[in-house]
Structure formats: C-alpha cells, structure tokens
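Thanks for coming. I will go through one structure today, starting at the surface and then moving inside.

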Amino acid sequence: MTATMSPGGQFLERTRAVTNVLGPATVVTSLLFYFGYVATTARFRYFGVYLSLMNQSLQDMMLYGVEALYPPLIAVSIVGLLALAVHTGVRLLLVSEAKDDITGWIGVFVTLLGCLALARGVVGMLVPHISRTETIALTPLCLGVGAVGLTYGSWLLRRITIRRDRRRFRNAPEDADPPTRSAVADWLASTACIRLCRYAIAWTTLLVIASAFWTANSFAAAYGLGRALDDADSLPRRPEIVLYTKEPLRDLPAGASGTRLTPSAGSQLQYRYRGLRLLVQANDHLFLVPAHWTTPGGRTLVVPYDNTVHLELVPS
C-alpha cells in the first residue's frame with residue numbers, strides 16, 4: 001500500500017528542496033559579491049576612483065570575487081589537510097596509555113602556543129597601528145589560530161588528566177587503601193565541565209568564523225592592491241588612447257598633452273589629447289590615466305563616453 005502525501009506535506013517537501021538548493025547558492029553568491037567588492041574597491045582606489053562612479057554590475061563584482069577567492073580557498077584546503085593529519089597523529093597517541101606523557105606535553109605546548117597567539121591577536125585588535133602595519137591578516141590569523149590552539153590543547157590536557165586519575169585507581173593494589181580521588185580530575189569529568197567545554201567550543205567556532213572573514217577581507221583588499229600595481233606596471237604596454245573632444249579638458253595628468261585642432265567643416269571636435277591609457281570603461285564613462293602612473297600625484301580623467309568624444313587606438 002502506497003502512502004499518499006497530503007498537499008501540505010508536498011508543499012513542505014518542495015519548499016525544503018528549494019531551500020537546500022538556494023541556501024548554499026545564496027551564501028556563495030553573497031561571498032563572491034562581498035569579496036569582489038572589497039578587491040575592486042582597493043584596486044581602483046589606488047587610482048583615485050571610487051566604485052560609486054563606476055556603478056559595477058553584480059556579475060562584474062562576482063567575477064572579481066572569484067579571482068580573489070582562489071588563493072584563500074587553496075590555503076584553507078592545505079591547512080585543513082595538515083590539521084587533519086596532525087589530529088590523526090594525536091589520536092594514535094591517545095590510543096596508547098603508555099604515551100600519555102608525550103601527549104600531555106603536546107597539550108601543554110599547544111595550549112601555551114594558543115595563549116601566545118591569542119594574546120598577539122588581541123593586542124593587534126586593540127592597537128590599530130599594529131594591524132595597519134603588520135603582515136597581511138596577521139591579527140585575525142592569530143585570533144583564530146590562538147582560539148583553536150587553546151581549545152584543542154585544553155581538550156588534550158583534560159583527556160590525559162582524567163585518564164591518569166582512572167589509571168591510578170585501576171592500578172592500585174587490592175590490599176591497600178583506595179587512593180584519594182583527584183579533585184581536578186573529578187571536576188573535569190563532571191557535567192558542569194562538559195557543559196562549559198561545549199560553550200567554549202561554540203565561542204571558539206564563532207571566533208574562528210569571524211577571524212576567517214577578517215582574514216579573507218584583508219587578503220581581498222591586498223589582492224586588489226596587487227592588481228592595481230600590476231595595472232600601473234602594464235600601462236606603458238597598453239594601446240595609447242588618442243582622445244578627441246568638443247570641450248577642453250582641465251587638469252591633465254602629468255604625461256598627457258593636449259592640442260587645439262584647426263577648425264574643419266562638419267566636425268565639432270576641437271581638441272586632441274595624447275599620452276593616455278584606458279584604465280576601465282564603466283557607467284558610460286572612460287577612466288583614463290597617463291602611461292606612467294605616479295603616486296602620489298597621479299590623476300585619473302573621467303570622460304563621458306558619448307557623441308561628444310572620439311577615440312583612436314595607437315598600439316604601443
């Protein structure tokens with residue numbers, strides 16, 4: 001006998017299926033847009049151009065986000081594999097009680113390392129000058145790694161302490177008085193400590209997620225700046241833009257030159273400008289820069305791309 005699902009149940013099943021598909025897709029799209037926005041902002045801000053002038057589309061932002069996410073995803077995959085290998089080795093050590101001393105020293109080392117890293121991350125977060133001048137994303141990495149190290153080391157020490165106390169009871173001679181139970185081990189095995197460990201894991205997870213976003217944000221900004229430096233280095237090799245305009249352009253950047261043309265019949269273009277390169281075309285505007293970009297002092301020309309201008313490309 002085949003059970004027939006009610007209309008309400010069918011609706012819930014379809015809603016759940018759509019949510020399972022759209023949920024991850026929405027998250028991925030949002031991440032790509034966000035990181036693309038950060039990378040693109042840093043890239044064009046180097047040339048003094050703000051995204052509000054460019055009006056980039058969602059597709060453009062997602063494309064920038066894809067290229068900015070490749071290196072972090074590879075780094076996360078490598079770190080995850082290394083962490084899995086280390087944890088597997090630690091689990092093998094935990095199998096043998098004879099190696100509790102080694103495992104205990106590993107727990108002490110990881111805990112101390114986590115405390116130092118976490119302290120460094122807190123200092124970098126409280127002192128803005130440090131986070132602005134440090135290596136890319138060092139502060140958020142220290143926060144995330146420190147929290148994980150402190151939690152993992154504490155978990156190891158808790159396991160070893162409880163097991164040593166139980167082994168002491170198990171190995172006690174039968175004709176001797178039973179050993180006194182360790183108050184520390186007794187508390188570590190209690191329900192209150194287990195609940196506290198769960199809270200610690202939850203807060204560690206939250207801190208790791210926040211530090212991961214902070215790290216990716218810092219990397220996206222650095223990646224965008226790196227792309228800007230590549231753009232500036234490649235400007236001399238790009239085709240020269242010969243720009244003809246109806247009205248004169250003011251405040252030409254260094255390296256660009258303008259010439260007033262002899263009036264001709266049927267032409268309203270009276271000025272010619274050379275020494276320019278196209279940075280980007282967006283929002284019906286041309287963003288033009290000199291062939292040799294200098295900072296500070298560089299200037300970007302924003303010219304409407306309509307019937308009042310004419311372009312010629314001259315290969316470099």
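**Surface, core and cysteines**

Val123 sits in helix α4, which covers residues 100-126. Keep in mind that this is a predicted model. Is Val123 buried, partly exposed or exposed? Val123 is partly exposed, at a relative accessible area of 41%. Val123 also belongs to a nonpolar surface patch, together with Val122, Met125, Leu126 and Val127. Taken together, these residues have about 410 Å² of accessible area.

Now the inside. The largest nonpolar core holds 16 residues. Phe44, Phe47, Val49, Met54, Leu279 and Phe287 have the most contacts within this core. At least two core residues come from each of α2 (51-54), α3 (58-95), α8 (191-234), β3 (271-282) and β4 (285-290). Strand β3 contributes the most, with three residues.

Take Met54 as one example. Leaving aside residues up to four places away in sequence, Met54 touches Phe44, Val49, Val280, Ala282, Asn283 and Phe287.

Last, the cysteines. How many disulfides are there? The count is zero, where a disulfide needs two cysteine sulfur atoms within 2.5 Å. For Cys197, the closest cysteine sulfur is in Cys193, 4.1 Å away, and that is too far for a bond. Cys197 is partly exposed, with a relative accessible area of 28%. Cys142, by contrast, is buried, at 12%.

That is what I have for today.

Conventions:
Residues are numbered from 1 along each chain as its sequence is written. This is a predicted model: local features need pLDDT of at least 70, side-chain atom pairs count only at pLDDT 80 or more; totals for chains, interfaces and linings use all residues. Side-chain values use heavy atoms; hydrogens and water are left out. Buried means under 20% relative accessible area, exposed over 50%, partly exposed in between (1.4 Å probe, protein chains only). Patches are made of residues with over 30% relative accessible area and no salt bridge: like charges are joined within 9 Å, nonpolar side chains (Val, Leu, Ile, Met, Phe, Trp, Tyr) within 5 Å. Accessible areas come from the Shrake-Rupley method with a 1.4 Å probe; for residues, only the protein chains shown count as cover. A salt bridge is a side-chain nitrogen of Lys or Arg within 4 Å of a carboxyl oxygen of Asp or Glu. Helices (H or I, at least four residues) and strands (E, at least two) are DSSP runs, numbered from the N terminus. A nonpolar core is a set of buried Ala, Val, Leu, Ile, Met, Phe, Trp, Tyr and Cys residues joined through side-chain atoms within 4.5 Å. Contact means heavy atoms within 4.5 Å.
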